[in-house]
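Today I am opening my notebook on a new model.

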Amino acid sequence: MQETEVTFDPGVTIFVGRNATNRTSFLKAVMAGLGSENVAMKGDADEAEVTIDLGEETYTRTFSRRSEGVDRAGEPYLDDPGVADLFAFLLESNEARRAVATSADLRELIMRPVDTEEIQAEIDRLQDRRESLDAELDAIDDRKGELRELETRRETLKAEIESTKADLEETEAALDAADADLETRREEQSELENRLEELREKRAALDDVRYELETEQESLDELRKERRECEDALDELDDDADADATAIDSRLRELRERKGELETQVDELQSVIRFNEELLEDDGPTSPVAAGGDDGAVTDQLVDDAVTCWTCGTAVDPEQIESTVAQLRERSQSTVGEVDRLEREIEELRAEKREIEQRNEERERTESRLAELDGEIERTEAAVDDLRDRREALTDEIEQVEAAVEELEDEAHEEMLDLHKTANELEYELGRLEGDLEGVEADIAEAEAHIGEESDVAAELNDVNEQIEQLRTRIERIERNAVEAFNEHMDSILDRLDYENLDRIWIERVEREVRKGRRTVSERALELHVVRTTESGAAYEDTVAHLSESEREVTGLVFALAGYLVHEVYETVPFMILDSLEAIDSARIAALVDYFAEYSQYVLVALLPEDAAALDDAYDRVTEI
């Protein structure tokens, strides 16, 4: 069982030694103890354990090899190591560090810890709510106009009711006067009054039927109008969406299969790379090391000038293996780039498929609504036919009653009959007006209640607008802070490193037109610029491809530092781990380490002896592992 126990003091700790002296393996062990998943056990180990002491806290992590893989257990420093793996654990293969060399999407890397899709989904939800609130405020404004009309209608109805009451009182007074001789004609008058009452009731029923018929006809017109709109909407929907979706599914399967093959190749290459790296290192177990002191026990180094080839068993120069590993890394990086390209294409096809599915859902909803409308139209047409029949029947009945009334009339009763007719009509009109007044007053109360909600709706709308702005500015703020941090630290680093004719390296936020399925959309991106000067002092913009290996390494490290600071990684993991800095000269490595030490509590760096000699003697050094 391999065990590693580490105790750290704040500051810079330098791991000094030649290649294949377990320095990288030790740093990976530290990463594993902190929680990183980007680590692997040595091929000859079945169990491993890492313990890290930080002040009064101890963190332990264990690994056990099983037939189905490696089991991980224990309590590491980090619960979620994703951001640390990206911006704090800067080994040679670190994705953020390699971003410049591989021309990776800088914006995607810097924004990866932010769930932009979730933020955009929340923005979309809030925008829908904002539209709903705007529509509600518009409706409230409309209700204000309706309220004024209703109040005017109420006053008109009150005036009409008072006038009708006055006319009815006058008619009833005339009837009282005419009733003086009513006793002599009671039987005749009783029959006439019954007929008149029947006539009034049938006229009232006819008026109700006419009103219901008008209402049903209006409903029928609205239903037919909505049906035409649904048919128009259905005509606009793409009928070939299913075929497009089938083609996209077929293409997605092809891309996923290709991506799976490439990922398998990457895993195999990484396995070969790790095996050869471990071959270059000392195979002996590591001993506990105290990074902060000089009295920690260390194991003897097992370093040889040659390495036994694992394929043929002969002695091979380590530099030959290192060259082969470098070629494998390049092949791995190229394959990873192809995997990223396939992933982007897959995402574009998924977006296009979602659009097609949304159109299919819209077509299904419209077809369902058409079926509902057909049923409602059929029922309404039946109701209209029934009301027309009732109207015709009541009209015939009224004509029959009027004929019977006319037979009962004579000259003596004509005035009385006219008065009764007038009184009946006035009573009916009074009832109708009072009913209309009750309806108008109910509408006024409802409108006033709706208008009373205006302040609450407006307050919610302001709150929604503020939330949308905060969400939008959050993404903008992170991008802007990342760019500012990179540019600021890049300027400071270049001032300290003093590269010849390299004036500036800076990032610019730009908008680019890109294709997503059938659509061209605008997307934000981070564009890296390089500015140099000629011997005559004239400035010109160069390309990233012309950066030297040292310049690319420095740029990648500064980009990782910008992510470390912008996402406040130092709040959750106060570590920065640096390895494979050989492409940078000793003096510049010293300046770079000094700079990084200003922003992290613990800086662990693996260096060759000649590079370590250029650093401050006050830094802790570990020379044997």
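**Entry 1: one threonine.** I started with T380 and, leaving aside its neighbours within four places in sequence, found it in contact with E216, L220 and L223; contact means heavy atoms within 4.5 Å. T380 lies in helix α7, residues 318-408. Helices (H or I, at least four residues) and strands (E, at least two) are DSSP runs, numbered from the N terminus. Is T380 buried or exposed? T380 counts as buried because its relative accessibility is 9%. My note on the cut-offs: buried means under 20% relative accessible area, exposed over 50%, and partly exposed in between, with a 1.4 Å probe and protein chains only.

**Entry 2: what I am looking at.** I remind myself that this is a predicted model, in which local features need pLDDT of at least 70, side-chain atom pairs count only at pLDDT 80 or more, and totals for chains, interfaces and linings use all residues. Residues are numbered from 1 along each chain as its sequence is written, and side-chain values use heavy atoms, with hydrogens and water left out.

**Entry 3: two helices.** I read that two packed helices are described by the angle between their axes and the distance between the axes. How do the axes of α9 and α10 cross? For α9 (residues 454-497) and α10 (residues 549-566), the axes come within 8 Å and cross at roughly 135°. That makes α9 oblique to α10. Axes are lines fitted to C-alpha atoms, for helices over the stretch in contact, and angles run from 0 to 180 degrees between N-to-C directions. Under 35 degrees counts as roughly parallel, over 145 as roughly antiparallel, 65 to 115 as roughly perpendicular and the rest as oblique.

I then listed who meets whom: the α9 residues include I478, F486 and M490, and the α10 residues include V554, F559 and L565. By class, this contact of α9 with α10 has 14 nonpolar, 3 polar and no charged residues. Here Ala, Val, Leu, Ile, Met, Phe, Trp, Tyr, Cys and Pro count as nonpolar, Asp, Glu, Lys and Arg as charged, and the others, Gly among them, as polar.

**Entry 4: a sheet.** I found an open sheet of 5 strands in the order β6-β13-β14-β2-β15, with parallel pairing. Its edge strands are β6 and β15 (620-622), each pairing on one side only. Two strands pair if DSSP finds at least two bridges between them. Between β13 (residues 575-578) and β14 (residues 602-607) I noted 4 bridges, and F575 stands opposite Y602 in β14. Helix α10 turns up again here, lying across β6 and β13 and running at about 165° to β13.

**Entry 5: a hairpin.** Strands β11 (residues 519-533) and β12 (residues 539-542) pair in the antiparallel sense over 4 bridges. V531 stands opposite E541 in β12. This hairpin has 5 residues between the strands, and G537 takes a positive phi near 95°.

Entry 6: Which residues other than glycine have a positive phi? I noted S103, near 55°, and D498, about 55°. S103 lies in the loop between β6 and α3 and, at 66% relative accessibility, counts as exposed. D498 is in the loop between α9 and β10 (502-516), and counts as exposed at 60%.

A101 sits in the loop between β6 (89-90) and α3 (106-111) and counts as partly exposed, at 40% relative accessibility. A101 and T555 are 454 residues apart in sequence and 9.2 Å apart in space, C-alpha to C-alpha.
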